[in-house]
Amino acid sequence: MKALVWHGKEDIRYDTVSDPAIEHPRDAIIKVTSCAICGSDLHLFHNLVPAMLPGDIMGHETMGEVVDVGSAAKGSLKKGDRVVIPFTIQCGECDQCRRGNFSVCERSNRKKEVGDKAFGHATAGLFGYTHLTGGYPGGQAEYLRVPFADTTHIKVPHGIDDEKLLFLSDILPTGWQAAVQADIQPGDTVAVWGCGPVGQMAIRSAILLGAEQVVAIDHLPERLSMAAAAGAITIDFEQESVVERLNALTKGRGPDKCIDAVGTEAHVNLGQPDTVLDRAKQMLMAENDRPHVLREMIYVCRPGGVISIVGVYLGLSDKVPMGQAMNKGLTFRMAQTHVPRWTGDLLRRIEDGQIDPSFVITHKVDLSKGPEMYATFRDKADGCVKVMLQP
Amino acid sequence: MPLTNITGIARSEGDPKVERKGPSSLTGADQLARALGWFSVGLGLAELIAPGRLARTLGLDGKEGLIRAYGARELASAVPTLSIDKSVGLAARIGGDALDLATLAGALHRDNPKWRNAAVATALVAGITLLDVAAFKGVKAAHAREPGADRDYSDRSGLPRGAQASRGLARKDFDIPPDYNAEGRVADALPAPALQA
């Protein structure tokens, strides 16, 4: 089959690889109909997580049709079923899965000893996302083996376009969880840093959850225009002070809830000198992350407010002002998304016409164009916000 | 160096294996930049380790300290050149080339018994400078956002009922779960819809 394969830093190739096969009775094989490039794939593209092997298949936003089912998964899946695959692999039986904490499933990371060393305790297996999380082949391919397939799937009806359903795999529930874990209440001002695909979903989720003001922060005009389309107030951080504007919008109190949809690769520019220092340290492997957004959120958030983090951080972050956070009594909530916890509800909202996630797709191309689309997406060229790929 | 080289992490037995490699996301300019970055590493180490030998070869006796400093500069420019911020490293390399050429110009006189060596080195540095400039231009062109090409996505609300009508729509049938609300209680076990299938 064909697949997008990681060969090194900035080196993704459209390779021919061997086909996946059922390895375990709970497995299923799906024929991929659509997949996408996620912002967090760029961290791997940039080799910021040094736990990839040349030959690893990329991708964790995937949907398709079931073409083969292991004997133990036949109770819940059959050939021909149309499914979206969550980026988290979950057993559905462990203590964490039973609590709804699917992204920290205790059994699905098949390289648990590596995860234990890296994180203290291993987290769930993820598709196409390094050997710290199981080293599972990803879904930017023609076929995907889904482990624990009896629980790792979202059945979706026929008759709705892939464009509307694909993002149940990651960015829609991630944006939703960002808003939910911020504990948004009517009357709240919610500030969202980053207007990439996850930030866009978080903005819409905050609106649906009744935030009075949603403020979107970025520097790319096209992304800000997309945020404004959903009713967000926009701040271009290259044109004005984020802190001053947020304080002005909240009568000097600061936003009640702050959502980080940026994570480790904050935009580097001289107007944000901490990002330049972080980037230099990152190059020398003296720091993993560029936590500019985290610093700014902690500084500007209203005392007693909530910091919700869904932008991916990778390791060590320097100069995070915990003194400010502690003294202001901020609550931090963060996680990789517990995808299936939200997807039933979100699927219903898509069917009900409350949200149409396809708005975020700016580039829809053949899978073979994947290598160049990684560069286009990373460079934010051609107005690129979200790339959908079809084998 | 990937962590995988140190830890011995290996791909699992049944995973798909590459049978035939296809086209890469790396452009020619990216690959040239990478080669120049590794060249910087090699030259920088040589200048740091053997400045006396280089000085004698070029007739730059007494400039060992300067050559060693240039070695450190080469290594410093190699780091960004080998990173994703290649244009920063290549710009630093071009500046370094100018310094190298200026220093070599001081050795290009007939009184220098090694002037022929200095002339060859000058030609080499000039050639490398051309490659640096070509790589810089290529990388800039390949990874630029075209000026004025910003798209307007103000018609993409994603909220079919409109932004104002959608505000608070989900509150009618969704409560913030206990583990995410201000009381911060431990999660109730929520069976996922997928698990009920």
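Just after helix 5 of chain A, Asp183(A) takes a positive phi of about 55°. The model is a predicted one, in which local features need pLDDT of at least 70, side-chain atom pairs count only at pLDDT 80 or more, and totals for chains, interfaces and linings use all residues. Residues are numbered from 1 along each chain as its sequence is written, while chains are lettered from A and ligands numbered from 1 in the order in which they are written.

"Buried" takes 20 or more other C-beta atoms within 10 Å of a residue's own, "exposed" takes 12 or fewer, and "partly exposed" lies in between, with C-beta atoms placed from the backbone. Among the buried residues of helix 5 of chain A are Ile171(A), Trp176(A) and Gln181(A). What do they pack against? The partners of these buried residues are helix 6 (197–208), strand 14 (257–260), strand 15 (306–309), strand 16 (331–334) and helix 12 (339–351) of chain A.

Ala182(A) sits in the loop between helix 5 (171–181) and strand 11 (189–193) of chain A. This residue is buried too, since 32 other C-beta atoms lie within 10 Å. Leaving aside residues up to four places away in sequence, Ala182(A) touches Val190(A), Lys257(A), Ile259(A), Val306(A) and Ser308(A); a contact means that two C-beta atoms, placed from the backbone, lie within 7 Å. Asp356(A) is 174 residues from Ala182(A) in sequence, and their C-alpha atoms are 22 Å apart in space.

Two other loops of chain A also hold residues with positive phi. Thr130(A), which is not a glycine, has a phi near 75°, and its place is the loop between strand 8 (125–126) and strand 9 (143–146). Thr130(A) counts as buried because it has 26 C-beta neighbours inside 10 Å. Phe148(A), again not a glycine, has a positive phi of about 45° and belongs to the loop between strand 9 and strand 10 (154–155) of chain A. With 24 C-beta neighbours inside 10 Å, Phe148(A) counts as buried.

Is His121(A) buried or exposed? His121(A) counts as exposed, because it has 11 C-beta neighbours inside 10 Å. It lies in the loop between helix 3 (112–119) and strand 8 of chain A. Between His121(A) and Asp352(A) there are 231 residues of separation in sequence and 40 Å in space, C-alpha to C-alpha.

Chain B has 8 helices and 1 strand, running α-β-α-α-α-α-α-α-α from the N terminus on. Of its 197 residues, 29% count as buried. Helix 3 (residues 51–58) and helix 4 (residues 64–81) of chain B pack at an angle of about 115°, with their axes 9 Å apart. (Axes are lines fitted to C-alpha atoms, for helices over the stretch in contact, and angles run from 0 to 180 degrees between N-to-C directions.) On the helix 3 side, Pro51(B), Gly52(B), Leu54(B) and Ala55(B) meet Glu64(B), Ile67(B) and Arg68(B) in helix 4.

The contact between the chains takes 79 residues from chain A and 62 residues from chain B. Strand 2 (residues 11–17) of chain A gives the largest share of chain A's side, 7 residues.

As for confidence, the model scores ipTM 0.93 and pTM 0.93. Chain B averages a pLDDT (the predictor's confidence in each residue, from 0 to 100) of 89, and 87% of the residues score at least 70. Over residues 183–189 of chain B the pLDDT is below 50, and this stretch has 13 contacts in the model beyond near neighbours in sequence. Where pLDDT is low, the predicted coordinates should not be read in detail.

Methods. Helix = DSSP H or I, 4+ residues; strand = E, 2+ residues; numbered from the N terminus.
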